[in-house]
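User: Hi! I'm new to reading protein structures. Could you walk me through this one?
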Amino acid sequence: MRQPKAILITGASSGIGEALARCYAAPRIFLALVGRDVERLAAVARACESRGARVATCTADVTHGAGLAAWIETIDQQEPLDLVIANAGVSGGTAGGGESAAQLRRIISINVDGVLNTVLPVIPRMVARGRGQIALMSSLASFRGFPGAPAYCASKALVRVWGESLRPDLAQKGVQVSVICPGYVVSRMTAANDFPMPLLMPADRAAAIIRRGLARNKARIAFPWPIYALTRLIAALPAGLIEPLLARLPRKR
Ligand SMILES: NC(=O)c1ccc[n+]([C@@H]2O[C@H](COP(=O)([O-])OP(=O)(O)OC[C@H]3O[C@@H](n4cnc5c(N)ncnc54)[C@H](OP(=O)(O)O)[C@@H]3O)[C@@H](O)[C@H]2O)c1
């Protein structure tokens, strides 16, 4: 969609979600912003309002489906949403002891259920209107299981593949679906990494790339291209060849 006027973004209180909110903020734009941290979300809302946007905020956990659905439906009745960006997500630190069952379930719950809780309430409403756009935040980590981040890779693979499957079905009903697969982007999530992150990108640059990709209704918005190409190559190589190399990659603390 070239010029969405009513946009919902989850995970808008920091990082890529915050950068997207600021990027879209302008006069005659309505932003519905979701996050958990009250103060950070309010600061983003103020920044967007100062650029002329109208803003509604919801301090909610995306895993609480019923409450989130009720808010999204109310917002959509008042301001029919043109674009919904299901961005909220977490990663885990798995160095040493592996991934605890609790951590695995938390990552899947936020990254998968949180995305479904965000978009399922709006799909029937967009289909009824015969227009709308849905953007699902995946990752370049979705193209292969990488050691040190099993739940994260699996959650992002599910989101990407689900979105890619959904796209042709919903296109027939006038609703566009794109999946977003960034490499390393500066955010609270990557601030926790104490290893070199090749081609680490500022969040505002990532937001500009995402906005451009969504305006062109790209099926997959994957960037930066050298890391995308490398990831696809790694995914294509036989496990016996690539596993010894992957085993040496640094992991989250
Ligand atoms: N940064 C990267 O290199 C990178 C690369 C590929 C994909 N991604 C994806 O991009 C998305 C945004 O991450 P980021 O890098 O911008 O990290 P971030 O700065 O940590 O932002 C994460 C956002 O998600 C929100 N969030 C997390 N859990 C939530 C929950 N249960 N309910 C509601 N909101 C929740 C956070 O809200 P609060 O802070 O208010 O809790 C925050 O606004 C994630 O899906 C991530 O997997 C990031």
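Analyst: Happy to! Let's start with a definition: buried means under 20% relative accessible area, exposed means over 50%, and partly exposed lies in between (1.4 Å probe, protein chains only). By that rule Arg220, at 23% relative accessibility, counts as partly exposed. This is a predicted model, where local features need pLDDT of at least 70, side-chain atom pairs count only at pLDDT 80 or more, and totals for chains, interfaces and linings use all residues. Residues are numbered from 1 along each chain as its sequence is written, and side-chain values use heavy atoms, with hydrogens and water left out.

User: Got it. What does Arg220 meet in a salt bridge?
Analyst: Its side chain meets that of Glu164, at 2.8 Å from N to O. The pair links distant parts of the chain, with Glu164 in helix α6 (residues 150-171) and Arg220 in strand β7, 56 residues apart. Helices (H or I, at least four residues) and strands (E, at least two) are DSSP runs, numbered from the N terminus. Glu164 is partly exposed, at 28% relative accessible area.

User: And what counts as a salt bridge here?
Analyst: A side-chain nitrogen of Lys or Arg within 4 Å of a carboxyl oxygen of Asp or Glu. Side chains of opposite charge can pair when their charged atoms come close.

User: How many salt bridges does the structure hold?
Analyst: Eight. One of them joins Arg129 and Asp76, 2.8 Å from N to O. That pair also links distant parts of the chain: Arg129 sits in helix α5 (residues 123-129) and Asp76 in helix α3 (residues 65-78), 53 residues apart. Asp76 is buried, with a relative accessible area of 2%, while Arg129 is partly exposed at 31%.

User: Which residues are linked with Arg129 in a network?
Analyst: Asp76 and Arg125 are linked with Arg129 in a network of salt bridges. Asp37 and Arg40 form a salt bridge too, with their closest N and O atoms 3.5 Å apart.

User: What about Cys153?
Analyst: The closest cysteine sulfur to that of Cys153 is in Cys181, 12 Å from it and too far for a bond. Cys153 counts as buried as well, at 4% relative accessibility.

User: Now the backbone. Which peptide bond is cis?
Analyst: The one from Phe223 to Pro224, with omega near -10°. Pro224 is found in the loop between β7 and α9 (225-236).

User: And what is the phi of Leu199?
Analyst: Leu199 has a positive phi of about 55°, although it is not a glycine. Leu199 lies in the loop between α7 (188-191) and α8, and is partly exposed at 45% relative accessible area.

User: Where is Asn217?
Analyst: Asn217 is in the loop between α8 and β7. Asn217 has a positive phi of about 50° and is not a glycine.

Key. Disulfide = S-S within 2.5 Å.
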